[in-house]
Amino acid sequence: MRDMPSVIDAVPKPGEQTWNPDRYARQAGFVAELGMPVVDLLAPQPGEKILDIGCGNGALTVKLRDMGVDVIGIDASAPQIAAARALGLVACVMDGQKLDFPDGSFDAVFSNAALHWMRDDPDAVIKGVWQALKPGGRFVAEMGGGDNVSKIRRAIEAAFRRREIDPAPYNPWYFPEPDEYRRRLESAGFNVRYIRLIDRPTRLPEDLSGWLDTFAESWLAVLDPAEAAAVKVEIANDLEPELKNTENFWMADYVRLRFAADKSSKRGAMFRCPTV
């Protein structure tokens, strides 16, 4: 593996999703909190070497470390990696679609709420995971799937079309169905032992506007600030009858794709943890 890149401030491009660690911690703390069932499926053992793809600010990676795991986190966001390193984690800036680890580096590869952001080349993600795993290693993850946030997506797209803007180029997400993702995994050589969609309506910590700022930035960033604010109000008005419950809390219409797959057994190389 090459030396880990230094953490730098990313300069966002129009329509690009960026990640503010403070905003993420405030608006998306539920991501790590609701990720423990995936950790249970992973069943990490003390001393195992595990790669966490899309570790974000490290909130769930820390839990793996505290279980006695030798864990490395990667994320494409330099600010998020800085936050993860502040927790004392070994973490590096790396695109999950361009994994750069020697063959057989890890006992397991883990990911929570990240793979659906890697829409450009999902097969490259899987191929990189295969290479990084030791023979018999496991790939365990949860991502958005199927109709994940479909109501929110439709409301965003409708607001853009009212402005005669095609929303498609700014959609950052890839939400596969189980059969599709199973085929991708099996084509790479994985044995899929578990894969299913899970409906998981999720209470938001604040209002829908905060969720949109955090997760729909690639759409909102193409608008000027005043227009983006107007769009958020429109979306909230459209969705309030469906996504605001009787207790006045916003609920995101989450659907998760959870899976566990194993690499067939054959000999591979060992991995030495890089120096931070």
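Student: At what angle do α7 and α11 pack?
Tutor: They pack at about 140°, and their axes are 9 Å apart. Keep in mind that this is a predicted model.

Student: And which hand is the crossing of α7 and α11?
Tutor: It is right-handed. On the α7 side the contact is made by Lys151, Ile152, Ala155, Ile156, Ala159 and Arg162. On the α11 side it is made by Val231, Glu234, Ile235, Asp238, Leu239, Glu242 and Leu243.

Student: Ok, α11 then. Which of its residues are buried?
Tutor: Ala228, Val231, Lys232, Ile235, Ala236, Leu239 and Leu243. Look at the numbering while you read that list.

Student: Why would residues three or four places apart point the same way?
Tutor: Because an α-helix has 3.6 residues a turn.

Student: What covers the buried residues of α11?
Tutor: The cover includes α7, α9, α10 and β8.

Student: Where does α11 have a kink?
Tutor: At Asn237, shortly before the proline Pro241. The kink is about 30°, in a helix that runs over residues 225–243.

Student: You mentioned α9. How does α9 pack with α11?
Tutor: At an angle of about 125°, with the axes 10 Å apart. The two helices are therefore oblique to each other. The crossing of α9 and α11 is right-handed.

Student: Which residues meet there?
Tutor: From α9, Leu208, Ser209, Leu212 and Asp213. From α11, Lys232, Ile235, Ala236 and Leu239. By class, the contact of α9 with α11 has five nonpolar residues, one polar and two charged.

Student: So what sits in the loop between α9 and α10?
Tutor: Ala216 has its place there.

Student: Is Ala216 buried or exposed?
Tutor: Ala216 is buried, because its relative accessible area is 1% and the cut-off for buried is under 20%. The C-alpha atoms of Ala216 and Arg153 are separated by 9.2 Å, although the two residues are 63 apart along the chain.

Student: Switching topic. How much of the α6 helix is buried?
Tutor: Eight of its 11 residues, so α6 is largely enclosed by the rest of the structure. The buried ones are Pro122, Ala124, Val125, Ile126, Gly128, Val129, Trp130 and Ala132.

Student: And what covers them?
Tutor: The cover of the buried residues of α6 includes strands β1, β4, β5, β6 and β9, along with helix α8.

Student: How do α6 and α8 pack?
Tutor: Their axes are 9 Å apart, at an angle of about 45°. Pro122, Asp123 and Ile126 in α6 meet Tyr181, Arg184 and Leu185 in α8. The residues of this contact divide into four nonpolar, no polar and two charged.

Student: What about the loops? Which residue has a positive phi although it is not a glycine?
Tutor: Ala113 is one of them, with a phi of about 60°. Ala113 lies in the loop between β4 and α6, and it is buried at a relative accessible area of 17%. Another is Glu164, whose phi is near 60°. Glu164 is in the loop between α7 and α8.

Student: Is Glu164 buried or exposed?
Tutor: Glu164 counts as exposed, at 76% relative accessibility.

Student: Where is Tyr254?
Tutor: In the loop between β8 and β9. At 6% relative accessibility, Tyr254 counts as buried. Tyr254 and Asp147 are 107 residues apart in sequence, and 7.8 Å apart in space, C-alpha to C-alpha.

Student: Last one, the whole chain. How many helices and strands does the protein chain have?
Tutor: It has 11 helices and nine strands. Of the 276 residues, 53% count as buried. Among the contacts with a separation of 6 or more, 78% are between residues 24 or more positions apart.

Conventions: Residues numbered from 1 in each chain as written. Predicted model: local features only at pLDDT ≥ 70, side-chain atom pairs only at ≥ 80, totals over all residues. Heavy atoms only, no water. Axes fitted to C-alpha atoms, helices over the stretch in contact; angles between N-to-C directions. Helix = DSSP H or I, 4+ residues; strand = E, 2+ residues; numbered from the N terminus. Contact = heavy atoms within 4.5 Å. Nonpolar A, V, L, I, M, F, W, Y, C, P; charged D, E, K, R; others polar. Bend = angle between axes of the 7 residues up to and from the residue. Buried < 20%, exposed > 50% of the residue type's maximum accessible area, 1.4 Å probe, protein only. Parallel < 35°, antiparallel > 145°, perpendicular 65-115°, else oblique. Left-handed = near helix turned anticlockwise from the far one by under 90°.
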